[in-house]
Amino acid sequence: MTGMAQKISRREFLKLASGTSLFGLGVLASGCASEQKQSGGEGWMPDQYHGRGDFPAQLKGRVAIAPENAAIVRDDEKCILCGQCIEACEKVMSVHGYYPLPIKDETACIGCGQCTLWCPTGAIAERPALQEVEAALADDGKYVVVQTAPATKVSLGEEFGLAPGAVVSAQQVAALKALGFDAVFDTCTGADLTIMEEASEALVRLTKKQEELPHFTSCCPGWVKFCEYFYPDLMGHLSTCKSPAAMLGATVKTYYAAKMGIAPESIVTVSIMPCTAKKFEAQRAELSEDSLADVDYVLTTRELARLIKRHGIDFSALAPAAYDSVLGESSGAGRIFAATGGVTEAAVRSLYYFATKRQPPADLLSWQAVRGLTAIKEAQAEVPGVGMVHVAVVSGMAAARRVLEEVRRTGRSRWQFIEFMACPGGCLGGGGQPKSEFPADEAVRRKRMEALYAEDKGAPRRMSHENAEVQTLYRAFYGAPLSERAEQLLHTHFEDRSGRLFDRETQAKA
Ligand code: SF4
Ligand code: SF4
């Protein structure tokens with residue numbers, strides 16, 4: 001890829017930087033990088049800028065954000081060109097600097113929102129959706145359903161002065177009911193549904209379709225877009241499962257709508273997510289059925305806090321409330337989805353059960369080797385009838401790139417199952433989470449993670465296949481995992497996006 005990089009002209013850089021108002025301040029590009037970078041190569045970005053002597057920060061540039069970016073936006077008035085977003089995008093995510101210039105058809109962004117956490121002035125933020133959600137809530141003709149992701153339950157409290165890791169699920173539900181949502185569901189139920197499908201799919205691959213191994217998880221839209229951009233040749237390894245939020249949304253607009261006698265067209269689905277990439281995911285054409293999107297609007301944890309404050313709700317005084325039934329029950333496995341390694345642990349618990357018809361041994365209910373904030377973890381589990389299943393757990397796309405290069409180089413690789421999460425630590429460190437520490441801090445992520453595992457340990461049911469509401473859902477509607485209806489509503493396909501960044505022929509030769 002390095003050889004493809006071209007020298008950037010000042011005009012091209014201005015195009016890259018997408019937004020010119022700051023350049024009116026007299027900031028000048030000093031030239032091109034003299035040193036070959038890890039990727040992207042010579043000329044990818046000027047090394048430095050010469051601003052006015054009294055400019056308040058050392059100017060280093062910024063990531064490019066296209067005006068049509070569905071996940072994030074930038075307020076040029078607040079940008080001080082400090083370069084922090086570049087640090088996050090290049091070093092943590094390995095997106096900035098990893099495609100050739102000049103820009104071909106698209107400004108690459110996987111929507112992860114890590115730059116919003118690193119931006120010291122708040123210039124980069126999630127693309128807002130509060131107005132649309134408030135309009136839906138005010139519309140008597142709409143039935144507005146909301147779901148809350150597991151990571152938000154251990155972080156929303158930080159916006160109201162509570163310590164990181166304070167579990168506020170019941171207060172969050174109460175706040176959403178006070179805001180006027182018609183039904184409040186749990187994305188963890190969607191996570192249990194995802195595990196029913198994904199563990200079944202992985203079992204088929206492990207026993208019958210070994211050419212599709214290693215199996216890649218697909219619940220993180222940031223990671224999925226990264227794969228579509230940079231590793232389209234490995235897309236066949238991706239699980240076809242939709243994300244938990246999309247699965248829940250699709251189920252609300254079909255099963256729940258029919259059960260409640262509500263026209264699907266009048267249902268508006270909102271998801272509260274730790275994630276900015278979910279805003280992009282919600283707009284994917286593949287994630288809609290008969291022109292009805294699985295998820296209509298996504299609010300980040302930060303946006304929900306803003307909404308609660310804007311409506312004068314005293315969060316600390318809220319009486320706890322419970323999720324609504326039908327799609328409100330969660331297993332411990334569904335609750336740990338927000339931590340890196342959580343999807344793997346949840347999937348292997350149920351995969352073991354599906355393969356053996358016996359509950360997994362106790363050590364798989366507390367699988368320490370896949371827990372923790374390390375960027376790349378490896379573990380193995382013996383599943384009778386399947387053999388030793390070797391897993392890798394990866395968070396942060398810079399780490400993912402290392403693993404993917406190995407898979408690409410070796411073909412089969414030494415792993416059978418690989419979990420990828422774009423954000424460091426998984427969704428608990430998502431780009432839509434409260435900015436309780438600046439810069440984003442591992443201690444905060446650790447507290448949130450510990451709270452999630454405590455939630456799992458204390459859950460009355462620890463495995464996704466034990467979730468009674470999910471069992472009812474299969475009996476009444478989906479039939480069985482991987483059934484025709486499940487494939488239609490709960491699975492999806494992906495798009496090779498590499499051609500938007502690279503000349504495919506040149507890339508093939510690189
Ligand atoms: S959202 Fe992620 S990929 Fe996009 S510019 Fe920010 S850090 Fe880079
Ligand atoms: S790790 Fe979670 S928060 Fe981050 S991009 Fe993926 S789904 Fe979103």
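Reply: This is a predicted model. Two strands pair if DSSP finds at least two bridges between them. In this model, H215 stands opposite F417 in β14.

Me: What makes β7 and β14 a pair?

Reply: Pairing needs at least two bridges, and two bridges join β7 to β14 (residues 417-421). The two strands therefore count as paired, and they run parallel.

Me: Why are β7 and β12 called edge strands?

Reply: The open sheet has four strands in the order β7-β14-β13-β12, with mixed pairing. β7 (215-216) and β12 (376-383) each pair on one side only.

Me: How do you know that helix α13 packs on the sheet?

Reply: Contact means heavy atoms within 4.5 Å. Helix α13 (residues 342-356) touches β12, β13 (387-395) and β14, and its direction makes about 150 degrees with that of β14. Helix α14 (residues 397-410) lies across β7, β12, β13 and β14, also running at about 150 degrees to β14.

Me: Which residues surround ligand 1, and how does its shell divide by class?

Reply: Ligand 1 is surrounded by V63, I72, C89, C109, I110, G111, C112, G113 and C115. Cys counts as nonpolar and Gly as polar; the shell has seven nonpolar, two polar and no charged residues.

Me: What makes up the shell around ligand 2?

Reply: Around ligand 2 are C220, P221, C275, A277, M421, A422, C423, G426, C427 and G430. By class, eight are nonpolar, two polar and none charged.

Key. Residues are numbered from 1 along each chain as its sequence is written. Chains are lettered from A and ligands numbered from 1 in the order in which they are written. This is a predicted model: local features need pLDDT of at least 70, side-chain atom pairs count only at pLDDT 80 or more; totals for chains, interfaces and linings use all residues. Side-chain values use heavy atoms; hydrogens and water are left out. A residue is near a molecule or strand if one of its heavy atoms lies within 4 Å of it. Axes are lines fitted to C-alpha atoms, for helices over the stretch in contact, and angles run from 0 to 180 degrees between N-to-C directions.
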